[in-house]
Amino acid sequence: MSGSGQRPPKFPLALDRLAPVVRTARAATLRPQRPVHEAAADAQRRAAPTGLGLDSAGVRERMVARLRADGLRSEAVLAALASVPRHAFVDTALIAQAYEDTSLPIGLGQTISKPSVVGRMIELLLAAPGRAPGRLGRVLEVGTGCGYQAALLSQLGDQVVSIERLKPLHDKARTLLAPLRRNNLRLVYGDGRVGHPPNAPYDSIIAAAGGGDLPAAWLEQLAVGGRLVAPMQAAGGRGQVLMVVDRTESEWIRKVHEAVHFVPLKSGVA
Ligand code: SAH
């Protein structure tokens with residue numbers, strides 16, 4: 001915050017060329033990193049999935065059926081959700097909740113995002129104008145966490161770079177992703193606010209943490225024809241909204257989507 005009383009520009013890059021914001025109404029707030037105690041209370045109310053380990057594909061199919069019933073439409077996203085073993089990305093003690101639509105703790109105060117929110121954000125990326133059906137192209141993910149979303153992205157993207165600022169989580173994701181053998185996925189330890197110039201430009205940029213602005217580096221590293229989906233502090237500082245930015249030859253067109261609740265986008269590494 002500056003002490004001058006003037007608000008810093010939300011888009012340091014080419015601010016004057018941004019198209020007007022379009023608002024789309026959606027009732028419920030998506031809370032991918034919902035507080036852990038709420039998730040625990042939910043889990044107590046519901047029956048744990050049975051047969052996990054022996055039949056994780058079956059449990060996953062049931063999760064996908066619920067997400068489909070709740071409005072997730074992209075078959076490519078649903079197929080990815082059906083194939084990535086989410087239970088492999090959570091601690092053993094939480095495995096029974098792995099296929100609930102809930103966030104779960106992964107250590108260091110961070111969480112694995114809710115499947116419905118991950119699905120919704122990837123669906124939005126895929127809906128960018130002019131995309132090859134079901135394909136994300138070159139992808140940048142900010143906030144690897146334990147690597148669950150990175151696994152989904154690597155199934156739908158040509159090359160994926162995923163950045164995490166917390167070293168223990170970066171290492172954890174590397175270990176958890178290894179068995180999936182995703183040769184097109186690169187994990188980077190660093191501050192995602194600066195993006196990752198060596199692999200830019202990206203057709204898809206997705207952030208799992210939200211700040212007060214969209215970093216200029218993300219907008220610069222977005223390819224012409226590409227789309228960015230990221231949480232951002234809402235105008236007036238009231239909560240967060242999902243921002244969708246499309247880059248054309250001449251401008252960055254941004255749209256405000258539903259309210260969301262992500263962990264904060266922090267600066268630097270730790
Ligand atoms: N993608 C994860 C969600 C992880 S939660 C999933 O699949 O469930 C969000 C993550 O963003 C946290 O691990 C947090 O450490 C990370 N993060 C926050 N600010 C960051 C930054 N500037 N650069 C990289 N990672 C960041």
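Pro-201 is located in the loop that connects β6 (185–189) with β7 (202–207); helices (H or I, at least four residues) and strands (E, at least two) are DSSP runs, numbered from the N terminus. A cis peptide bond, with omega of about 5°, links Ala-200 to Pro-201. Leu-108 is not a glycine, yet its phi is positive, at about 55°. Most residues other than glycine have a negative phi, and most peptide bonds are trans.

The model is predicted, with local features requiring pLDDT of at least 70 and side-chain atom pairs counted only at pLDDT 80 or more, whereas totals for chains, interfaces and linings use all residues. Residues are numbered from 1 along each chain as its sequence is written, and side-chain values use heavy atoms, with hydrogens and water left out.

The ligand is surrounded by 26 residues, of which the closest are Ser-113, Gly-143, Glu-164, Gly-192 and Lys-266; a residue is included if one of its heavy atoms lies within 4 Å of the ligand. By class, this shell consists of 10 nonpolar, 10 polar and 6 charged residues. Here Ala, Val, Leu, Ile, Met, Phe, Trp, Tyr, Cys and Pro count as nonpolar, Asp, Glu, Lys and Arg as charged, and the others, Gly among them, as polar.

A backbone N or O atom of Lys-266 is 2.5 Å from a ligand nitrogen, and a polar side-chain atom of Asp-191 is 2.9 Å from a nitrogen atom of the ligand. At Ser-113, a polar backbone atom lies 2.8 Å from a ligand oxygen. Of the 580 Å² of accessible area that the ligand has on its own, the protein covers 99% (Shrake-Rupley method, 1.4 Å probe). Two or more residues of the shell come from each of β3 (110–112), α5 (148–156), β5 (157–164) and β12 (263–264). The largest contribution, 3 residues, is that of β3.

The structure contains 8 salt bridges, each defined by a side-chain nitrogen of Lys or Arg within 4 Å of a carboxyl oxygen of Asp or Glu.

Key
A polar contact is a pair of N or O atoms within 3.5 Å; within protein, one must be able to donate a hydrogen and the other to accept it, and residues adjacent in sequence count only if both atoms are side-chain atoms.
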